[in-house]
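Subject: Model handover

Hello,

Here is the model for you to look over. My notes follow below it.

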Number of protein chains: 4
Amino acid sequence: MFFKRIYDEGLAQASYLIACASTGEAVVVDPTRDIDIYLDEAREQGFEIVGALETHIHADFLSGARELAKSVGGKLYVSGETVSGWKYKGLDDFDTVHLKDGDGFALGNVRFEAVHTPGHTPEHLSYLVTDGAQADEPMMVLTGDFVFVGDLGRPDLLETAAGQSGTAKKGGKQLFGALRDKFVGLSHEVLVWPGHGAGSACGKALGSIPASSVGYETKHNWWKKYIDDNDQSGFVEELLADQPETPSYFRKMKELNRDGMTFLGGLPTPAKLLPDKFRALRREDAHLLDLRDKEAFAAKHVPGALNFSKLEELSTHAGWVLPYDDRPLVLIGRADQMEEATRRLVRIGMDNIVGYVTHIEGAVDDSELGCYPIVDVEHAHKMWESDDATVLDVRAQSEWEEGHIPGAIHVHYGKIRDNLDEIPRDQKLVVHCASGIRANLAISQLRAEGYEHVANMPAGFDGWKKAGYRTEES
Amino acid sequence: MFFKRIYDEGLAQASYLIACASTGEAVVVDPTRDIDIYLDEAREQGFEIVGALETHIHADFLSGARELAKSVGGKLYVSGETVSGWKYKGLDDFDTVHLKDGDGFALGNVRFEAVHTPGHTPEHLSYLVTDGAQADEPMMVLTGDFVFVGDLGRPDLLETAAGQSGTAKKGGKQLFGALRDKFVGLSHEVLVWPGHGAGSACGKALGSIPASSVGYETKHNWWKKYIDDNDQSGFVEELLADQPETPSYFRKMKELNRDGMTFLGGLPTPAKLLPDKFRALRREDAHLLDLRDKEAFAAKHVPGALNFSKLEELSTHAGWVLPYDDRPLVLIGRADQMEEATRRLVRIGMDNIVGYVTHIEGAVDDSELGCYPIVDVEHAHKMWESDDATVLDVRAQSEWEEGHIPGAIHVHYGKIRDNLDEIPRDQKLVVHCASGIRANLAISQLRAEGYEHVANMPAGFDGWKKAGYRTEES
Amino acid sequence: MFFKRIYDEGLAQASYLIACASTGEAVVVDPTRDIDIYLDEAREQGFEIVGALETHIHADFLSGARELAKSVGGKLYVSGETVSGWKYKGLDDFDTVHLKDGDGFALGNVRFEAVHTPGHTPEHLSYLVTDGAQADEPMMVLTGDFVFVGDLGRPDLLETAAGQSGTAKKGGKQLFGALRDKFVGLSHEVLVWPGHGAGSACGKALGSIPASSVGYETKHNWWKKYIDDNDQSGFVEELLADQPETPSYFRKMKELNRDGMTFLGGLPTPAKLLPDKFRALRREDAHLLDLRDKEAFAAKHVPGALNFSKLEELSTHAGWVLPYDDRPLVLIGRADQMEEATRRLVRIGMDNIVGYVTHIEGAVDDSELGCYPIVDVEHAHKMWESDDATVLDVRAQSEWEEGHIPGAIHVHYGKIRDNLDEIPRDQKLVVHCASGIRANLAISQLRAEGYEHVANMPAGFDGWKKAGYRTEES
Amino acid sequence: MFFKRIYDEGLAQASYLIACASTGEAVVVDPTRDIDIYLDEAREQGFEIVGALETHIHADFLSGARELAKSVGGKLYVSGETVSGWKYKGLDDFDTVHLKDGDGFALGNVRFEAVHTPGHTPEHLSYLVTDGAQADEPMMVLTGDFVFVGDLGRPDLLETAAGQSGTAKKGGKQLFGALRDKFVGLSHEVLVWPGHGAGSACGKALGSIPASSVGYETKHNWWKKYIDDNDQSGFVEELLADQPETPSYFRKMKELNRDGMTFLGGLPTPAKLLPDKFRALRREDAHLLDLRDKEAFAAKHVPGALNFSKLEELSTHAGWVLPYDDRPLVLIGRADQMEEATRRLVRIGMDNIVGYVTHIEGAVDDSELGCYPIVDVEHAHKMWESDDATVLDVRAQSEWEEGHIPGAIHVHYGKIRDNLDEIPRDQKLVVHCASGIRANLAISQLRAEGYEHVANMPAGFDGWKKAGYRTEES
């Protein structure tokens with residue numbers, strides 16, 4: 001058996017290429033949208049991909065399983081468990097295999113068995129994988145968003161993202177049952193390869209370790225005591241507490257992954273735009289995504305552009321702040337950044353990338369270009385002390401709760417536009433996050449909304465704290 | 001004055017970026033289609049392009065003048081000389097200035113004066129350029145395809161490319177008049193910056209020197225004696241003799257440059273295709289352009305693909321062998337070759353580039369892949385000697401006439417498909433050019449037409465000659 | 001805890017970056033020589049590397065542990081188990097911690113405990129890793145070359161590589177003891193992260209799976225029955241049988257890893273050589289490593305150059321065929337291949353890379369360039385049938401034994417120069433491996449030794465078999 | 001004849017590749033140090049370089065002529081005119097041809113004739129080039145630093161750069177003679193291809209046009225009237241007036257170009273340094289050249305590092321501010337900038353480039369990193385108005401004279417360290433140039449000297465002027 005984890009650090013998402021070394025047949029589990037990466041890997045290894053597997057209907061990225069199955073002329077394996085109305089649609093044109101609990105299939109020597117493990121989503125499957133060349137018992141279980149290393153998949157996304165009220169608790173209860181009935185009884189040596197790692201918004205405390213084992217998770221995970229005590233409600237309560245903010249793009253992902261998405265046909269590459277076309281796109285109200293460094297953006301930027309200065313986080317950051325509308329996407333950055341940017345956008349279904357410019361000089365009139373100051377903590381502290389400015393903290397709720405600047409306003413960087421009434425227009429604003437990246441993204445939204453006196457304090461809360469200035473917790 | 005020649009080695013074509021250093025205003029003369037190169041250059045130099053100039057309706061590349069003028073919101077300067085029916089169309093939507101002989105305009109200190117110099121084309125203009133900051137007399141004349149370094153623009157393209165019979169001689173006479181009346185009288189120190197260099201099919205003996213002077217060309221060019229003797233017919237006879245083959249794409253270029261072309265909006269970049277899409281495109285009869293080395297192509301290639309192994313010559317080679325039809329263009333090659341390939345294709349109006357694959361393994365079944373031998377001169381000579389194979393020479397007429405292999409068939413690599421009846425199907429073929437590149441392009445056409453036993457002899461005619469084998473001239 | 005496996009596909013070697021997420025302290029286990037990859041990764045993750053760990057004295061790559069420890073001003077953790085004379089030298093200048101069985105240390109919440117697991121080497125340590133933030137019991141054991149997924153580290157390298165006779169059996173017995181006393185008793189849920197994957201020459205049947213668990217390996221590995229039966233000699237016999245050829249560079253690696261190696265200071269980059277320098281280097285008898293495709297090499301190559309057409313395998317291929325001498329290394333290939341080539345060479349201690357040329361034209365006289373034919377199986381079969389050529393099979397012993405061409409000579413591609421007397425000079429040779437890559441490497445050695453009539457049959461044994469020609473096993 | 005100008009925009013320096021198309025022999029005139037560019041070009045064109053020509057002993061870049069001649073085994077053509085003690089040394093080991101006025105040689109059909117044209121330097125030669133395939137009279141004259149387009153080579157460098165007092169006037173007189181006796185008498189149609197374009201410090205008003213003609217320069221250059229009036233002293237006076245500052249590295253260039261320089265053997269590439277090595281180099285007092293954007297540098301930089309934020313100008317900027325000492329050079333920037341940086345440094349003989357780091361995080365402790373503010377003109381004006389800061393203008397003398405901020409101190413960015421006593425340490429400084437690039441280079445020098453309160457006003461003098469603030473001329 002050949003087994004390779006392919007990991008997207010930005011989405012903290014794992015897909016798996018698994019093959020029978022004898023027959024050369026391979027499948028991919030939970031592929032992202034830009035499926036060329038699996039095809040290239042398979043070609044280099046000498047394998048032929050014959051199928052794509054889904055563990056569940058994903059919320060955090062757009063699945064490439066349908067297109068992969070179609071592209072290779074292979075099978076599409078998805079959950080056939082439909083306890084609720086939430087189920088896959090539009091699969092008639094595919095060579096689809098709907099798997100129910102206990103169903104299986106083989107790939108040469110390698111055998112897959114579906115285990116219904118609802119909770120994160122009602123239809124969720126895990127896959128037991130047996131390497132028949134080596135043993136008759138499973139070597140691993142691919143748990144998707146069921147059991148993570150050190151955590152569990154959150155059951156509240158259907159409610160918080162897809163608006164199905166009441167499903168969070170219901171999912172929590174299902175998860176309890178799945179753990180008790182389908183997981184803790186597995187042999188302890190079975191490896192656990194989950195769908196996410198640390199940083200994913202599909203859980204709250206995921207470990208930065210790619211794999212675990214049934215025994216280790218059973219013995220050492222926080223939920224073990226509830227199973228032992230058969231305390232379902234205690235379990236659900238702890239599970240649902242303190243889940244991170246649900247990114248706004250999750251709703252769209254769930255819908256598209258359920259109903260079907262456009263096929264890419266290939267990895268698109270944005271065209272290098274001419275000024276006339278760039279101007280026309282601005283008139284059409286294109287979204288402008290500026291990928292340059294935060295300092296360069298602050299010094300000079302196109303009005304209305306949003307600053308995504310950490311390319312690796314583009315999926316999450318764009319997913320939080322950009323709506324799914326018909327407006328074209330235009331990038332600003334170096335030519336050598338475009339491939340990665342494209343991958344990260346199509347992975348969340350933002351496909352309408354029409355082009356890019358490398359320089360803003362020449363693309364717009366110099367007189368149009370905007371700028372704002374970057375301030376150090378001393379300067380910010382002085383403004384804060386003298387009430388010369390309001391501090392706006394754009395970090396996550398959990399970061400805010402651990403400590404923040406007294407008197408600061410807190411609005412998550414992804415919720416700026418929905419909370420403008422909380423952010424005063426008639427005062428100077430000093431915006432911060434932890435490193436200046438999310439602050440710049442927040443500032444660029446504020447400026448697009450007409451806010452004028454906004455500065456970034458990139459040293460962030462840590463810098464403030466290290467300087468010995470007053471802080472508070474909540 | 002700022003003056004920069006921007007040269008395409010493949011098309012042997014020169015465009016010029018000229019600016020007034022005081023005002024920062026710039027124009028481009030005879031821009032190619034991918035006008036981002038001028039905009040980038042102007043931005044780096046700190047200039048603003050305010051206009052685009054055409055010397056004439058080009059036959060060998062698609063002009064970027066219209067899109068450049070539109071893109072910068074500037075003027076489009078073209079010939080208003082319409083002695084024949086052959087004139088620009090579709091310019092109403094542009095801020096067009098039709099220039100007639102003697103008309104001029106200024107760009108800060110820099111003055112341009114149009115000189116009607118028909119011959120290569122009836123409407124052809126040259127431009128006298130005066131750097132007012134330095135002198136009141138012209139420093140240079142931009143001669144387009146009128147006077148080259150060491151040669152003259154050929155007057156027969158309207159006839160050979162655009163099918164206007166009788167225009168070759170007429171053009172020759174006009175050229176005689178233009179030289180006599182508009183050129184030899186210019187001050188000898190005036191520099192001549194022409195539109196082409198060595199290798200262009202717009203003339204027969206162009207020098208590999210970027211510039212000359214009126215005095216030098218007048219004194220030392222082959223045509224001087226005819227002017228001195230006022231021998232128009234002798235001039236026309238020598239001028240028309242031995243002009244190179246007219247590439248088949250010239251007709252299309254002339255039409256589009258006259259009537260108007262699609263605007264790019266930006267430099268397109270082909271998508272990295274998925275196998276399914278690649279297969280679909282093959283079913284749609286896409287043109288497959290394989291950019292790999294000739295050895296790699298011979299060893300393994302997709303049936304029907306044509307091998308363009310010299311990227312620099314892609315414009316000319318594709319222009320010779322690909323029709324302008326609706327079939328999509330698909331490239332095979334490394335990702336880092338795609339930008340250059342795209343530029344070279346759009347420069348001749350082949351815009352329908354839908355994507356590329358980096359590897360043919362995985363893109364088609366191994367069993368489908370074709371191959372053919374590469375042979376050395378000894379082997380080829382043995383086959384030739386024993387009548388075991390027919391030699392096919394695919395070089396230009398002029399190369400053939402200087403020397404070739406006795407008994408060889410001669411068909412220009414760009415005319416293979418129109419002359420299949422001259423090329424036997426029932427014999428082994430040994431194909432050669434000078435270096436194996438054009439031979440591979442010819443072979444790939446033959447194989448696409450079902451020829452089976454075809455080998456490449458990359459050592460070429462020179463290798464044969466050096467080996468001491470028999471040759472003949474014609 | 002943060003845990004990341006960093007894998008070299010060419011060497012099939014895994015190193016591990018492990019950090020405490022709270023304190024940000026990190027260590028690297030079994031780093032390769034080009035330690036910038038760990039430093040870059042740590043910087044991106046926000047960690048500070050404070051130490052380097054070795055599981056044992058490696059035979060297949062040059063360790064970067066010493067330089068990493070020195071470079072970060074951190075500790076160097078190595079085995080202090082010295083049951084034989086084979087032990088680390090030259091560590092006085094380092095902040096060295098010699099670990100013995102049961103010794104441990106902590107990295108914030110993360111605890112490491114050394115377990116002496118001799119066999120592959122006498123001093124070999126495994127590391128039990130406990131994530132104190134999660135549990136008080138170990139989550140994983142880093143087994144180095146002790147237990148692989150599906151296999152065990154071979155105990156014969158000290159004998160076959162380092163010439164210490166009698167150590168193979170002794171090592172086998174130690175391995176038996178280590179499995180019995182140190183491994184099978186571990187909790188079954190403990191994950192096993194070994195030092196190698198499939199393709200490594202440090203074992204014979206390694207799985208293509210990054211991790212396993214103690215329970216899985218204990219239950220399903222081939223050696224379980226011997227432990228159950230306490231059959232040490234049966235174990236040793238099966239263990240030692242059919243181990244793959246020991247690459248010739250292993251001896252050097254073991255010595256340098258034991259005694260100390262030069263520090264790189266940084267990743268060197270070869271200079272782009274001028275022709276004069278290239279000629280001078282040829283006169284100095286530099287090793288010429290040609291990285292071009294096999295077809296391009298066959299068509300034209302510098303005499304004496306060896307063809308390494310699969311960059312990913314450069315460590316192993318160069319390790320087999322190049323001696324460790326004072327001759328400089330000169331590369332031939334594209335500029336964009338040089339970084340990877342350099343990494344792969346320094347990983348096995350071939351540091352003397354003085355430069356590269358991108359083209360052989362201009363670097364040597366055309367008349368000097370060599371070439372040889374590439375033949376298809378039909379052609380090869382015809383030559384074989386008519387005794388017109390001898391077939392030389394350069395694959396590994398195991399491949400040969402599974403099936404080969406009757407009458408073929410078998411010499412491993414890495415042992416060509418030691419077995420020239422088995423390879424006839426007076427006959428045509430058709431050389432093959434599986435895909436033509438190793439065959440080209442063999443041919444380039446033969447040509448460097450003066451063999452003239454050598455052809456490559458890249459379709460390989462599989463191509464021959466698929467064509468239905470006669471084969472035999474042994 | 002083949003003729004190609006190869007131009008370095010940073011040094012504004014032209015070299016020329018000239019070949020006989022029939023024989024394929026080529027020479028290079030005034031090559032820069034990184035001679036691979038000529039060798040690559042020649043290979044692509046199918047030519048063989050057989051010699052290198054020097055017009056004179058250069059002051060502004062290190063010549064590659066010696067190494068090129070040696071590398072190709074060709075001839076080295078230099079001036080044999082030795083009117084003063086200033087002459088080439090160390091040429092015995094070369095196949096040197098010392099050319100005197102009137103001497104010539106041929107390259108197939110192409111003939112070169114040396115013309116002694118002293119002034120810029122005493123030994124200076126120009127070359128008349130005749131394309132024998134076309135004519136018996138010269139087509140062009142390569143004037144080196146004798147006649148530029150619109151200007152003349154300055155005669156004062158031996159005095160200002162090499163310290164030979166009295167030579168400026170003497171050179172001016174020689175130049176007068178050379179113009180009168182060797183230039184104005186040439187046929188007017190002869191093209192002039194000089195050694196420099198606009199921006200070079202080898203003259204004061206060079207045009208941005210690559211070529212001119214004898215007739216045009218004779219008629220329209222500023223010096224014509226002095227020749228007509230035979231007014232040598234008036235000529236010398238105007239010639240010497242207002243020459244730009246002589247870059248400090250010129251002295252070294254002249255010495256090395258006269259006496260001989262180290263050979264590169266190839267284009268070196270800096271190694272990617274490990275932190276330990278980087279720290280060791282800092283302890284050895286390495287020069288740190290930070291190539292990042294000015295905003296990024298201001299936000300965070302390694303103490304002591306100098307900011308060269310315009311890569312294209314690296315030769316000139318480094319030549320002004322870095323001494324020629326034994327201290328190693330270490331770069332900070334992206335990997336893809338290193339090739340260009342290396343070229344620009346070796347072109348002025350700064351070869352001791354030992355390596356680079358891509359990030360300063362990890363390379364030094366965060367606590368060590370420095371920063372300073374970037375201010376807009378409003379802010380700067382406020383500080384200036386309230387005497388809260390001193391303005392430091394680091395532009396060239398000519399820019400200063402055209403207009404500056406009242407009360408500003410003026411010190412050229414290249415003379416900061418020699419004029420620290422003019423720059424107050426006890427006040428806030430607002431530093432500006434035209435765009436912030438030279439200001440950052442000045443600030444980084446000041447900070448390296450311990451200045452603390454320094455800000456950059458990147459909008460520069462133009463921004464100040466546009467804002468309507470008070471200015472003055474001098």
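In which sense do β15(C) and strand β15 of chain D pair, and over how many bridges? The pairing is antiparallel, over five bridges. Two strands count as paired if DSSP finds at least two bridges between them. Helices (H or I, at least four residues) and strands (E, at least two) are DSSP runs, numbered from the N terminus. Within this pair, Lys272(C) sits opposite Leu267(D) of β15(D).

First, the ground rules. This is a predicted model: local features need pLDDT of at least 70, side-chain atom pairs count only at pLDDT 80 or more, and totals for chains, interfaces and linings use all residues. Residues are numbered from 1 along each chain as its sequence is written, while chains are lettered from A and ligands numbered from 1 in the order in which they are written.

Chains C and D

The contact takes 23 residues from chain C and 23 residues from chain D. Residues are in contact if their C-beta atoms, placed from the backbone, lie within 7 Å. On the chain C side, α1 (36–45), α2 (65–72), β15 (266–273) and α9 (275–283) each supply at least two residues. β15(C) gives the most, with seven residues. By class, this side of chain C has nine nonpolar, seven polar and seven charged residues. Here Ala, Val, Leu, Ile, Met, Phe, Trp, Tyr, Cys and Pro count as nonpolar, Asp, Glu, Lys and Arg as charged, and the others, Gly among them, as polar.

Chains A and B

Chain B puts 23 residues in contact with 23 residues of chain A. Two or more residues each come from α1 (36–45), α2 (65–72), β15 (266–273) and α9 (275–283) of chain B. β15(B) gives the most to this side, with seven residues. Strand β15 of chain A runs antiparallel to β15(B), joined by five bridges. Leu267(A) stands opposite Lys272(B) there.

Inside chain B

Strand β4 (residues 48–53) is mostly covered, with five of its six residues buried. Buried means 20 or more other C-beta atoms within 10 Å of the residue's own; exposed means 12 or fewer, and partly exposed lies in between, with C-beta atoms placed from the backbone.

β4(B) pairs with strand β3 (residues 25–29) of chain B, parallel, through five bridges. Ala26(B) faces Ile49(B) in that pairing. The chain gets from β3(B) to β4(B) through α1(B), in a right-handed β-α-β crossover. Right-handed means that, with the strands pointing away from the viewer, the path from the first strand over the helix to the second runs clockwise.

Three bridges join β4(B) to strand β5 (residues 75–79) of chain B, again in parallel. Leu76(B) is the bridge partner of Ala52(B). From β4(B) the chain crosses through α2(B) to β5(B), and this β-α-β crossover is right-handed.

There is also an open sheet of six strands in chain B, ordered β7-β8-β9-β10-β13-β14, with mixed pairing. Its edge strands are β7 (104–107) and β14 (212–213), each pairing on one side only. Strands β10 (residues 140–144) and β13 (residues 191–194) of chain B are parallel over four bridges. Val141(B) stands opposite Val192(B) in β13(B).

Best regards

Terms used
Contact = placed C-beta atoms within 7 Å.
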